[in-house]
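Good morning, and thank you for making time for this item.

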Amino acid sequence: MSIDGTGAVTAGDVFALATVSMLSVALPLSVIAAYGFRNAPFGAMLKPLPVTIFAFILSDAISLLGGETTGTGYLVFSSIGVGAALVATVNGILLLTERRAV
């Protein structure tokens with residue numbers, strides 16, 4: 001964990017660890033959902049979900065570990081997560097507006 005100058009764990013570290021823990025639980029569930037609904041009409045919406053969750057796990061883990069490449073790694077993995085979420089959103093909008101054949 002990243003520790004401030006006084007040697008104490010900050011509240012931000014606790015929340016980042018809680019986020020990594022919760023996303024680690026959600027990752028296998030998202031893989032099961034994406035695999036289970038792969039042939040369903042809304043399966044395209046679920047395919048990017050594991051990528052999104054995994055990218056956010058990596059970005060939070062990098063911020064917890066600290067180091068010299070924290071900013072770059074956090075930026076890269078957060079961008080991947082946001083991009084995958086955007087793909088899922090576009091697929092959901094196309095499905096709900098019936099612009100894609102079901």
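I shall begin with the basis of the model and then turn to its elements.

This is a predicted model, in which local features need pLDDT of at least 70 and side-chain atom pairs count only at pLDDT 80 or more, while totals for chains, interfaces and linings use all residues. Residues are numbered from 1 along each chain as its sequence is written, and side-chain values use heavy atoms, with hydrogens and water left out.

The chain holds four helices and zero strands, and its elements run α-α-α-α from the N terminus. Helices here are DSSP runs of H or I with at least four residues, and strands are runs of E with at least two, numbered from the N terminus. Of the contacts with a separation of 6 or more, 53% join residues 24 or more positions apart; a contact means heavy atoms within 4.5 Å.

Let us now consider helix α3. Its 17 residues, 49-65, reach 24 Å from first C-alpha to last, close to the 24 Å expected, where the expected span is 1.5 Å times one less than the number of residues. Just after α3, G66 takes a positive phi of about 70°.

Which residues of α3 are buried? They are P50, T52, I53, A55, I57, S59, D60 and L64. Buried means under 20% relative accessible area, exposed over 50%, and partly exposed in between, with a 1.4 Å probe and protein chains only. Across the 102 residues of the chain, 25% count as buried.

The largest nonpolar core has six residues: A16, V20, L23, I53, I57 and L64. Such a core is a set of buried Ala, Val, Leu, Ile, Met, Phe, Trp, Tyr and Cys residues joined through side-chain atoms within 4.5 Å. Helices α1 (11-36) and α3 each supply at least two of its residues.

Finally, the surface. The chain exposes about 6,600 Å², with 73% supplied by carbon and sulfur atoms; these areas come from the Shrake-Rupley method with a 1.4 Å probe. Why does L29 count as exposed? L29, which lies in helix α1, counts as exposed because its relative accessibility is 55%. P41, by contrast, counts as partly exposed because its value is 45%.
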